[in-house]
Amino acid sequence: MAKVKDLAMKMIPVLIRWAQGAWDKPHYYSDLSESVGYNSPRIGRVLGEIQDIIDKLAINTGKEIPTLNGLVQNKYLGL
């Protein structure tokens, strides 16, 4: 579980940067994995951890925080 949380903490800044930047191309699971040096596009569990972190932060701050997971899509299905 520690590896999942560590990856999540590395991926959150990447997702924030993507959210703030120009949308000139889609962002795929493999792009996110590669951006943190993880050698697998299978990051569903990590994205779940990211959402858990965002949900806890929203509760603790009383602010509505949008999900970042929607920025990433499946390269083959386009979802």
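Is L77 buried or exposed? In this predicted model, L77 is exposed, with a relative accessible area of 62%, where exposed stands for over 50%, buried for under 20% and partly exposed for values in between (1.4 Å probe, protein chains only). Residues are numbered from 1 along each chain as its sequence is written, and side-chain values rest on heavy atoms, with hydrogens and water left out. Because the model is predicted, local features need pLDDT of at least 70 and side-chain atom pairs count only at pLDDT 80 or more, whereas totals for chains, interfaces and linings use all residues.

L77 is placed in the segment after β2 (72–73), strands being DSSP runs of E of at least two residues and helices runs of H or I of at least four, numbered from the N terminus. Together with Y76 and L79, L77 makes a nonpolar surface patch of about 450 Å². Such a patch consists of residues with over 30% relative accessible area and no salt bridge, with nonpolar side chains (Val, Leu, Ile, Met, Phe, Trp, Tyr) joined within 5 Å and like charges within 9 Å.

Y76 also belongs to the lining of the largest pocket, which is formed by Y28, Y29, S30, P41, R42, Q73, N74, K75 and Y76. The space in this pocket amounts to about 160 Å³; a pocket is an open set of points on a 1 Å grid over the protein atoms alone, where a 1.4 Å probe fits, with protein on both sides within 12 Å along at least five of seven lines, and lining residues have an atom within 4 Å of a point. By residue class, the lining comprises four nonpolar, three polar and two charged residues. Q73, one of the lining residues, is 57 residues from I16 in sequence and 15 Å from I16 in space, C-alpha to C-alpha. I16 itself is found in helix α1 and is partly exposed, at a relative accessible area of 36%.

The count of salt bridges comes to one, under the rule that a side-chain nitrogen of Lys or Arg lies within 4 Å of a carboxyl oxygen of Asp or Glu. This salt bridge joins the side chains of E49 and K5 at 3.9 Å, N to O. Since E49 lies in helix α3 (residues 44–61) and K5 in helix α1 (residues 2–20), the pair ties together parts that are 44 residues apart in sequence. E49 counts as buried at 8% relative accessibility, whereas K5 is partly exposed at 41%.

The loop between α3 and β2 holds both E64 and N69. E64 is exposed, with a relative accessible area of 81%, while N69 is buried at 18%.

Conventions. Areas by Shrake-Rupley, 256 points an atom, 1.4 Å probe, with all protein chains shown as cover. Points joined across faces, edges and corners; volume = space filled by probe spheres on them. Nonpolar A, V, L, I, M, F, W, Y, C, P; charged D, E, K, R; others polar.
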